[in-house]
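This briefing looks at the ligand in a predicted model and at the space around it.

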Amino acid sequence: MAYHVPVLLRESIEGLEIKPNGTYVDLTFGGGGHSTEILKHLKKGKLFAFDQDEEALRNAIDDKRFTLIRSNFRFFRNFLRYHGIETVDGILADLGVSSHHFDSPERGFSFRFEGPLDMRMNQKQKLSAKHVVNTYSLEDLANVLTQYGELQGARRLAGAICKSREGKAIETVEQLFELLKPMFPSAIQNKMLAQVFQAIRIEVNQEMDVLKQMLTNATKALKKDGRLVVISYHSLEDRLVKNYFRSGNFEGDLDKDFYGNITSPYEQINKKVIVPNPDELKINTRARSAKLRIGRKL
Ligand SMILES: C[S@@+](CC[C@H](N)C(=O)[O-])C[C@H]1O[C@@H](n2cnc3c(N)ncnc32)[C@H](O)[C@@H]1O
């Protein structure tokens, strides 16, 4: 089974507007599909790639212009500095998890398989789904489900989790699945359970905080006219990216300078969000929620 089929490949690489001798960063290496394509456009340029999952390291590309770093991308500037790089020409972030994560039962990301409640992208991290589900208070659990799963009735779901774990810890994907399944009408069961799992995953990997930190750091690291290309997979991420490109802050508040111009650090290259075309969706259904935004650093 393929590790991961790259999503919006042509559109995102075009968005980077690669200079053959430039320095580029792929923050989410995964199966290396985007990195491979970036390298094809480089001559003497360099590519630094990041992934926090050690399993992604096995896809490393043997090319002297390429460096793969195992780290959370929230720290990417520190690593670039270590390699003597202060500013770069383009940064790509293809957010979220890879197909490999969803297809590996032992990682606990998918409710299609029995497996441990894990969901950590970084296997060295302490916080896991088991910890969230078994130790968070009812209020905190309900908040996670409301904020990150955009679920209505989150308190009822959190209450059921708290009641169940009183007797015995919830250890596996299947236990959580069986507990929550009857709480949704059968027609929307899978969709709702996917939202529950997404919410817990976002919490475990602190995805929203990390994304904010990444956007702030990317703005510091990009040269003038450098490109920031972000592919997101759920509305919370996309809203954050959209607001940031438009306004330079996460709330989307439009600050204006003395002359009434909006003070965002970016020009949005695509005014309308880019989504996969029907041909791509035919061969890769996992691309269906992808949204691409491209910014030019001003
Ligand atoms: C959607 S996949 C990227 C796929 C890649 N573009 C390709 O073509 O194969 C996202 C990857 O980014 C990694 N990732 C997600 N968040 C990360 C973070 N905060 N720091 C480092 N890596 C992260 C995941 O482990 C996963 O391998």
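The largest cavity holds about 410 Å³ of space, and the count of cavities of 30 Å³ or more comes to one. The ligand takes up the space of this largest cavity, in a model that is predicted throughout.

**Lining of the cavity**

- Two or more lining residues come from each of helix H2 (33-41), strand E2 (46-51) and helix H10 (207-221), with H10 giving the largest share, three residues.
- By class, the lining of the largest cavity divides into 13 nonpolar, 14 polar and five charged residues.

**Shell around the ligand**

**Backbone contacts and cover**

- A polar backbone atom of Gly31 lies 2.8 Å from an oxygen atom of the ligand, while a backbone N or O atom of Gly32 is 3.3 Å from an oxygen atom of the ligand.
- A nitrogen atom of the ligand is likewise 2.8 Å from a polar backbone atom, in this case one of Phe73.
- On its own the ligand has 610 Å² of accessible area, and the protein covers 98% of it.

Technical notes:
Residues are numbered from 1 along each chain as its sequence is written. This is a predicted model: local features need pLDDT of at least 70, side-chain atom pairs count only at pLDDT 80 or more; totals for chains, interfaces and linings use all residues. Side-chain values use heavy atoms; hydrogens and water are left out. A polar contact is a pair of N or O atoms within 3.5 Å; within protein, one must be able to donate a hydrogen and the other to accept it, and residues adjacent in sequence count only if both atoms are side-chain atoms. Accessible areas come from the Shrake-Rupley method with a 1.4 Å probe; for residues, only the protein chains shown count as cover. On a 1 Å grid over the protein atoms alone, a cavity is a set of points where a 1.4 Å probe fits but cannot get out, and a pocket is an open set with protein on both sides within 12 Å along at least five of seven lines; lining residues have an atom within 4 Å of a point. A molecule sits in a cavity or pocket if more than half of its atoms lie within 2 Å of its grid points. Grid points are joined across faces, edges and corners, and a volume is the space filled by probe spheres set on the points. Helices (H or I, at least four residues) and strands (E, at least two) are DSSP runs, numbered from the N terminus. Ala, Val, Leu, Ile, Met, Phe, Trp, Tyr, Cys and Pro count as nonpolar, Asp, Glu, Lys and Arg as charged, and the others, Gly among them, as polar.
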